[in-house]
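Here is a short note for a first look at this model.

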Amino acid sequence: MAAPDAVVIGAGPNGLVAANLLADAGWQVVVVEACEEPGGAVRSDRGVHPDYVHDTFSAFYPLAAASPVIRGLGLDRYGLRWSHAAAVVAHPLADGRCPVLSRDLRRTAASLAEFSAGDGAAWEYLYRLWRHVGDDLIGCLFTPFPPARAGLRLAARTGPEAGLRLLRTMLLPARRFGEEHFGGEGGRLLIAGNALHADLAPESALGGGFGWLMCMLGQEHGFPVPVGGAGRLTDALVARLRAHGGDVRCGRAVTGVVVRKGRAVGVRTEDGTEIPARRAVLADIPAPVLYDRLVDDRELPPRLRSDLRRFQWDFSTVKVDWALSGPIPWECEGARGAGTVHVAEGVDALTRFASQLAMRQVPQEPFTVLGQMTTADAGRSPAGTESAWGYTHVPQHIRADAGEGGIEGRWDEREKQAIADRVEAGVERLAPGFRARIRARRVLAPPDLERLNPALVGGAINQGTTNLHQQLVFRPVPGTGRPRTPVRGLYLCSATTHPGGGVHGAPGANAARAALRAPHLPRRRS
């Protein structure tokens with residue numbers, strides 16, 4: 001059998017996107033995956049209860065819905081279908097108020113106007129701004145840095161003065177963004193809560209822009225879910241690749257990139273097998289893992305090693321999955337039909353949560369992002385029940401516990417029970433009777449997440465902080481921002497490269513296009 005043109009390390013969404021684009025160009029591609037099934041952090045299972053489908057890691061995909069990369073693959077032809085909850089995001093409060101982000105602009109605006117008379121109009125203004133610049137902004141985010149074409153289009157659309165104001169708005173912390181645009185708590189909560197889907201505290205630069213981006217994606221596209229579970233998105237990517245001649249080999253951990261004369265020429269698996277690559281090797285794994293474990297030190301400049309020591313992971317994650325006997329009994333009606341629910345009592349509570357994380361403390365009261373999956377996709381569990389999950393963040397390295405559970409980071413059963421109890425207590429305060437509906441539960445602590453997906457180092461689901469100092473040309477280290485590596489023919493296509501985390505396929509697409517453009521590659525033999 002002839003050697004493949006390219007080997008892709010890792011069958012996560014970025015690796016599969018890269019493989020598909022290379023296959024579209026006529027390359028023979030082999031994807032090698034350490035786990036027993038493809039998907040990376042886009043998988044689903046019935047491990048909590050046999051009658052309930054749970055997404056093992058990620059679940060809602062607004063970035064996939066907006067991504068020109070994902071849309072361009074035509075995955076509907078390979079079985080992918082999307083489903084939506086009645087509402088996108090809700091943030092219930094103990095006093096009964098609840099801002100609701102809906103795909104219906106009037107409903108969102110009316111929800112925020114209940115907090116302050118002018119806030120509905122403020123939201124509508126922000127959405128008009130998004131409609132004016134959103135496509136070009138997405139183009140800037142999802143193409144290699146600097147984004148010349150999309151950037152020029154955006155500059156021409158806004159002009160210099162409005163462009164500078166937009167840039168300032170994007171760089172604002174979420175708290176300041178909310179204070180400048182909204183008189184009441186509702187809009188501020190939607191912005192700050194969505195910023196903390198990443199690791200952007202209310203006081204972090206860029207948090208306002210990221211929170212606005214997520215809210216506007218939700219307003220325009222919703223937070224869709226694949227019908228049948230997250231794994232159906234992976235199934236469609238794999239089916240498309242195989243239809244174009246590609247191969248996916250699971251249960252084959254790569255232990256090294258084979259480099260000869262300064263060029264990547266293949267990979268070595270844990271059983272000693274070498275899989276050659278005639279044109280390129282693409283790595284859908286975190287940059288620190290690639291450079292520390294898979295590439296010989298002699299092939300890398302010393303400065304890269306020094307810079308990697310400063311690489312910052314995002315917060316660790318704890319995820320709790322529930323099989324519920326009925327819908328969550330939220331006291332706020334607005335939360336009942338939302339696919340995503342934020343649990344925290346105000347922006348100040350989000351600041352306390354983020355501050356405790358910054359001090360390497362396990363937060364006393366978690367900010368929980370909660371998914372009501374049967375609400376979003378009725379087939380996830382039997383009629384009248386709910387497949388749900390909640391995730392929260394903890395420090396990568398724990399110094400203390402701000403609560404009373406004495407959590408130290410051992411993540412044994414006692415500590416997993418303690419953090420799950422805190423998450424559930426926050427839900428119970430807003431939905432009395434919630435705990436009585438728990439039929440089965442699974443707690444995935446940071447070591448569990450990394451065991452199930454080795455790319456989630458320490459339970460970091462975004463493969464590196466979203467903060468400004470590690471974005472654009474600083475991701476994964478200063479002076480990069482593009483998928484090329486110091487080794488010729490080796491390309492980084494994971495979320496540790498620009499533009500970062502989220503299921504949008506941009507790192508994979510950027511790496512595939514860089515490999516296709518490389519002038520020194522030999523022609524493929526027919």
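1. Start with lysine 319, which lies in strand E14 (residues 316–324). Helices (H or I, at least four residues) and strands (E, at least two) are DSSP runs, numbered from the N terminus. Before going on, note that this is a predicted model: local features need pLDDT of at least 70, side-chain atom pairs count only at pLDDT 80 or more, and totals for chains, interfaces and linings use all residues. Residues are numbered from 1 along each chain as its sequence is written, and side-chain values use heavy atoms, with hydrogens and water left out.

2. Is lysine 319 buried or exposed? Lysine 319 counts as buried because its relative accessibility is 3%. Buried means under 20% relative accessible area, exposed over 50%, and partly exposed in between (1.4 Å probe, protein chains only).

3. What does the side chain of lysine 319 reach? The side chain reaches the backbone oxygen of aspartate 55, at 2.7 Å. Leaving aside residues up to four places away in sequence, lysine 319 touches several others, including Asp55, Phe57, Trp389, Tyr391 and Arg442. Contact here means heavy atoms within 4.5 Å.

4. Now the rings. The whole structure has eight aromatic pairs. Rings of Phe, Tyr and Trp (its six-membered ring) pair if their centres lie within 6.5 Å; planes under 30 degrees apart count as stacked, over 60 as edge-to-face and the rest as tilted.

5. Take phenylalanine 60 and tryptophan 389. Their ring centres are 6.2 Å apart and their planes lie at 55°, so this pair is tilted. The pair links distant parts of the chain, 329 residues apart. Phenylalanine 60 sits in the loop between strand E4 (54–55) and helix H2 (62–66), while tryptophan 389 is in strand E18 (residues 386–394). Phenylalanine 60 is buried, at 14% relative accessible area. Tryptophan 389 is buried too, at 4%.

6. A second pair joins phenylalanine 311 and tryptophan 313. This one is edge-to-face, with 4.9 Å from centre to centre and 80° between the planes. Phenylalanine 311 has a relative accessible area of 9%, so this residue is buried.

7. Which residues do ring pairs link into a cluster? They are Phe60, Trp389 and Tyr391.

8. For cysteine 98, the nearest cysteine sulfur is that of cysteine 332, 4.9 Å away. Cysteine 98 is buried at 11% relative accessibility, and cysteine 332 is buried at 6%.

Methods:
Disulfide = S-S within 2.5 Å. Polar contact = N/O pair within 3.5 Å; in protein donor to acceptor, adjacent residues only side chain to side chain.
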